[in-house]
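Please read the points below alongside the sequence and the model.

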Amino acid sequence: MRGTRDGAADGDGDGATSGLPADALLRAMPDAIVICSPDGVIVEVNDQVRALLGYERSEVVGRPVEMLVPDAFTAAHRGHRARYTAAAHAQPMITGPGISARHKDGRDVPVEVNLAAAELDSGPVVVASVRDASQVRAAESRMRDSLDLVTGILSAATEQAVIATDLEGRIETFSRGAELLLGYTADEVLGQRTDMLRAPGADVSGTWGVPADSHTRDRVAALVQSGVATTRAWQLRAKSGELREVLLSVTVRQAGGVPAGLILVATDQAERRARDAALAASEERFRLAFVNAPIGVGLVSIEAPTAGRVLQVNPALEALLGYSAAELTGTTVARLAHPEDLPLVAATLERLMLGEPVTELIEHRFLRADGRTVWAQVSLASVMPDQQGGGAYVVAMLTDVTARREAEAELMFNALHDGLTGLPNRALITEHLAGALNRARHSGTDVGLLYVDLDNFKDVNDSLGHAAGDELLVEVGRRLAGALEDQELAGRLGGDEFVVVSEDVRTVEELTAVADRVARALAIQLPLAGQMVTASASIGIARRTSPHTTAEDLLREADIAMYRAKANGRARYEFSDPGLQVRALRQIELEADLRATLAVQWPPSSADPGEDRPAAAVRIPEEGRLFLDYQPCFDARDGRLIACEALLRWEHPTLGVLAPGQFLDVAEDRALMSPLGSWVLEEAARQAARWYAQHGDLAPEMWVNVSAAQMGRHAFAQTVADVLARTGLPAHLLCVELTERHALSSAPDVLDDLCALPAIGVRLAIDDFGTGYAGLEYLRRLPASTLKVDASYVAAIGRDRAGAALVSTVVNLGHALDLTVVAEGVETAAQREAVTALGADILQGFHLGRPGPPARIDQRLAELAVPQH
């Protein structure tokens, strides 16, 4: 620039021409050049200003230089500029890092500025050379980050000691890991030679190939020259003097592309060796536990393609499965599992292969080498990698639970099977029957049920003992099971009752064939307790009648049919009948109602025999009421009223008044005859006592029907005596009637009760005589005073010659035995004349008088009391 001024002095051309060399110099400068006057006004810039800061020359020349300074630093820049230009001899200077210039677009541009003072023709100026510092600062930032990273790594790498040396062997870097390993702080070792860390007597020559007696500098030089990059087992001496077993890696450290020293990385081997020792001890413990475990243990692969293969077994597993270790190793779990349990085994293996933990205990069956089945409880340990590189596997622990499973199976069998015969019991049969009905609904076939009851089984128990009865039941169960075919199942419900369930039935004939087969199998003779016993069975058959039929429905229907088979002669089978079912339901309903009525009216209320009150009990509409009607009986010779028969009636709360034939069968089947008969006896005696109190010798005799169920244990005669005592009725005015059928079927103690009646003055009449075929000897033994000819014989008079002959025979028989003969069922005048002519003593029937309330008898007695003129 001074050259410009010199050119002008020489007068060589004008200013523009003389400035060309200076302009060329400015343009050639690589940095942006800004020339300012001492007061800070820009007088010239080169083209690099536009490239660096975006300004054209015309935009900055003549403007304050502070326009190129960020706003935050404008005031400070003015101060710095003023001090620099005020100096007498301003020296060139470099601003240093951290300076920024303001770009035309407003952003800050990192720069480095060199300042120099100069003299131009126009006066002194300050020349600023502005250089873009972005890349320099970025590199510096990267360097700082790299140093921070290395520092952080060295600080964090506490498990390894990192030591850097220079070419003299002096320590320049001592990491945190080195401090922990050797006990020195970095401050204690930095600048010291590495000899301080060498163990006494260390074989430097043998390990690292350098002279042992050489200077540290020489050894380092030898290692650097060899380009060492290796790892060796070594010992380092700690501050405490202890020797540390390490694995030492040595490499050459480079700086600027030339060797600058060594990097030593030491890994403590004591901890690794302790871990190795612990691992070895753990493996030994596992081996001992594996070999000596009292339960079966096996290692099973769960990684394809060997998944499910047995890798190793212990002796207990060999004993459990009956195979040797050589036979088990390499085989698959699927080959050892029971075929029925293969789905469970496959599902468990799939879960393990997917990495899903199987924490629950699993029980399934295995097949032993000898073919026997063994139950095992299997627990699976966590999945582990195979150290031999064979893939992942699990430890399977097998506990033999065969004994428990067999005990449970036995308990289950006993819970669902009859303990005597081994056949399915009621619970299992009901469950099986329900399943069969469900299957039939889907298959379109049918289900049949046979209800089998042994005939006269009670006689075997009573005569030969329960042991003989049990023996018979066992034989029946065996024969019954042996007589069945596919789709048939037999069971024992209890006592002497068995059932057979037959599935896939299509016709009634198929069920008939099953019943014939069962009947033949059970028609047996076998010796029991020294006696030859003949057995037979009555069978009721029921068949599914609708899709809604339940197991209980079939059992009930077959049971009803079985009772009908017994009633029709036994040793036969009968099919279920809807009418029988209706009757059974009716019996159940009537039983409940009759019990409710008896609960209110039993025992009979005590009252003064002379009390003037109705004979019927107090009416209770909710339960209904029992009452008696009375049918008069007359002397065949003079027509005098001599007796009344008490006839039971039940005023049902919904069905109205029921005659005995409509509910006495319920009372007999449901053990209600004893309380019911006692009520009738008491009420009839009380009414007869009132008539006796009112009419004296004109009072009629009271005839009361009784059942064999009221007798036995020598108590009936005493019961009658008690009733007579409570009511005040004279004994000669009471006659009890027993049907010929009940008299013939009576046990010895019932006969004893009947024979005790004459002793208390009460007479016995045999009712419905002629229907039971009683022998003369049996009739002679009964203490009867009266025979009542069955009404069916009387009704036959006039229809055929046999009717009169039968009545005549009975009358003659009765008179021959000195018995009073009563003709029942006299419905017409012709019948009255006929039975009177045949010699009947007493007449009874609708033609003479219908049953009615006590008031009707009162009226007849009143008529008898009026004197006849």
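Helices (H or I, at least four residues) and strands (E, at least two) are DSSP runs, numbered from the N terminus. This is a predicted model, in which local features need pLDDT of at least 70 and side-chain atom pairs count only at pLDDT 80 or more, while totals for chains, interfaces and linings use all residues. Residues are numbered from 1 along each chain as its sequence is written, and side-chain values use heavy atoms, with hydrogens and water left out.

**Overall composition**

- The protein chain comprises 33 helices and 33 strands.
- Of the 869 residues in the protein chain, 43% are buried; buried means under 20% relative accessible area, exposed over 50%, and partly exposed in between (1.4 Å probe, protein chains only).
- Contact means heavy atoms within 4.5 Å. Among contacts in the protein chain between residues at least 6 apart in sequence, those joining residues at least 24 apart account for 56%.

**Largest pocket**

- On a 1 Å grid over the protein atoms alone, a pocket is an open set of points with protein on both sides within 12 Å along at least five of seven lines, whereas a cavity is a set of points where a 1.4 Å probe fits but cannot get out; lining residues have an atom within 4 Å of a point.
- Grid points are joined across faces, edges and corners, and a volume is the space filled by probe spheres set on the points.
- The largest pocket holds about 830 Å³ of space. It is lined by 34 residues, of which Glu645, Leu647, Leu664, Asn705 and Asp767 are the closest to its centre.
- At least two lining residues of the largest pocket come from each of β26 (641–652), α24 (664–669), α25 (673–695), β29 (734–739), α27 (740–744) and β30 (763–769). With five residues, β26 provides the largest share of this lining.
- The lining of the largest pocket consists of 13 nonpolar, 12 polar and nine charged residues. Ala, Val, Leu, Ile, Met, Phe, Trp, Tyr, Cys and Pro count as nonpolar, Asp, Glu, Lys and Arg as charged, and the others, Gly among them, as polar.

**Largest cavity**

- One cavity of 30 Å³ or more is present in the structure, and the largest cavity holds about 360 Å³ of space.
- Thr194, Leu223, Trp234, Leu248 and Leu264 lie nearest the centre of the largest cavity, among the 19 residues that line it.
- Elements that each supply at least two residues of this lining are β7 (160–165), α10 (204–208), α11 (216–226), β9 (229–237), β10 (243–255) and β11 (258–268). The largest share, four residues, belongs to α11.
- By class, the lining of the largest cavity has 13 nonpolar, three polar and three charged residues.

- His103 is located in the loop between β4 (99–102) and β5 (108–120), and it counts as buried because its relative accessibility is 12%.
- Residues up to four places away in sequence aside, His103 touches Leu52, Leu53, Gly54, Tyr55 and Val109.
- A polar atom of the His103 side chain lies 3.4 Å from the backbone oxygen of Leu53.

**Cysteines**

- The structure holds zero disulfides, a disulfide being a pair of cysteine sulfur atoms within 2.5 Å.
- Cys644 is in no disulfide, and the nearest cysteine sulfur, that of Cys633, is 6.8 Å away.
- Cys644 counts as buried because its relative accessibility is 0%; Cys36 counts as buried at 7%.

**Backbone geometry**

- Most residues other than glycine have a negative phi, and most peptide bonds are trans.
- Ala304 and Pro305 are joined by a cis peptide bond, with omega about 5 degrees; Pro305 lies in the loop between β12 (296–301) and β13 (310–313).
- Asn456, which is not a glycine, has a positive phi of about 60 degrees. Asn456 sits in the loop between β18 (446–454) and α19 (457–464) and is partly exposed, at 41% relative accessibility.
- Gln487 likewise has a positive phi, near 70 degrees. Its place is in the loop between α20 (466–482) and β19 (488–494), and Gln487 is partly exposed with a relative accessible area of 45%.

**Ala596 and Gly624**

- Ala596 belongs to helix α23 (residues 578–601) and is partly exposed, with a relative accessible area of 31%.
- Ala596 and Gly624 are 28 residues apart along the chain, and their C-alpha atoms are separated by 8.5 Å.

Terms used. A polar contact is a pair of N or O atoms within 3.5 Å; within protein, one must be able to donate a hydrogen and the other to accept it, and residues adjacent in sequence count only if both atoms are side-chain atoms.
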